[in-house]
Amino acid sequence: MAPAAPLALLALVALLAPGRGVAFPVCDYPAHLWCSSREIAVACQAESRCTNLSHPAAAPVELSLFYESLCPACRWFLVQQLFTAWLLLPAEALNITLVPYGNAEERNVSGKWQFQCQHGPEECLGNTIEACLMHEAKNFSTYFPVIFCLESGSSVTKNLEACLQVYAPQLDRGRIAACVQGDMGATLMHHNAQLTQALDPPHEYVPWILINGKHTDELQAQAEASLLGLICRLYQGEKPEACRGSKAPKAAAYCRR
């Protein structure tokens, strides 16, 4: 209650010196209660004096990445920009959604979903591995380092066991393999197909980046030039230490449809 005394003094001055051209808070609460809650502080125009009140948390910047596992430009953005920004920024500043599907096509054959991918069956397998990995791990901080390992390595489809050993040894490789080879993998890929097909505007290439649910050419270019800088500019909370901006190397060419 330390702020009560000076606030009370201000109220007294306001009463004793009317018409002096000085605006003081006027409300229905006694001065010693002005800092008891944010609502009262707002009503009494005393927020700046109430140091005991915590500021409401700012919403994280929402980033959705629509990509395919073997597209060079997708791999470049995920490894060079997205993973770096995720490492440097606190969780409250950036929330990431990954949708591995990209420029694939699906068809229903006798009640089962089949997929054709831009870079061939190997890419369909990579997309499914990553979708199943996300499904099994649940937690983003668990599966994203594994996906980074797959996308930055020599083979997206052959390095799962090695990447799990390094980044997520608690995950069951057998369960992930069963997902990839079974109906669940196809169901997850069908879901990603639906998410991709629902994009508005429709995607023209990958990586296709949404910031706070929105895609524009300008946001895409800014994310590719310096994702960290873009997130730092958009985040409305207290700026993290990492928000000093950086320029990344020129991005690889898009994988167009």
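Which residues form one aromatic cluster? They are Phe83, Trp86, Phe140, Tyr143, Phe144 and Phe148. The model described here is predicted.

**Aromatic pairs**

A pair of aromatic rings is described by the distance of the centres and the angle of the planes. The count for this structure comes to 9 aromatic pairs. Two of the pairs are set out below.

| Pair | Distance of centres | Angle of planes | Arrangement |
|---|---|---|---|
| Trp86 and Phe144 | 5.3 Å | 80 degrees | edge-to-face |
| Tyr101 and Phe115 | 6.3 Å | 85 degrees | edge-to-face |

Planes over 60 degrees apart count as edge-to-face, so the pair of Trp86 and Phe144, at 80 degrees, is given that name.

Trp86 belongs to helix H3 (residues 72-88), while Phe144 belongs to helix H5 (residues 140-152), so their pairing ties together parts that are 58 residues apart in sequence. Phe144 has 0% relative accessibility and counts as buried.

Tyr101 counts as buried at 1% relative accessibility, whereas Phe115, with a relative accessible area of 23%, is partly exposed.

**Nonpolar cores**

The largest nonpolar core has 63 residues, and Leu63, Leu65, Leu82 and Leu98 touch the most other members. Helix H3 gives the most to this core, with 9 residues. Leaving aside residues up to four places away in sequence, Leu63 touches several residues, including Leu82, Ile96, Ile209, Ile211 and Leu227. Another core, of 8 residues, lies apart from the largest one; among them are Trp34, Cys35, Ile40 and Ala41.

Methods:
Residues are numbered from 1 along each chain as its sequence is written. This is a predicted model: local features need pLDDT of at least 70, side-chain atom pairs count only at pLDDT 80 or more; totals for chains, interfaces and linings use all residues. Side-chain values use heavy atoms; hydrogens and water are left out. Rings of Phe, Tyr and Trp (its six-membered ring) pair if their centres lie within 6.5 Å; planes under 30 degrees apart count as stacked, over 60 as edge-to-face and the rest as tilted. Helices (H or I, at least four residues) and strands (E, at least two) are DSSP runs, numbered from the N terminus. Buried means under 20% relative accessible area, exposed over 50%, partly exposed in between (1.4 Å probe, protein chains only). A nonpolar core is a set of buried Ala, Val, Leu, Ile, Met, Phe, Trp, Tyr and Cys residues joined through side-chain atoms within 4.5 Å. Contact means heavy atoms within 4.5 Å.
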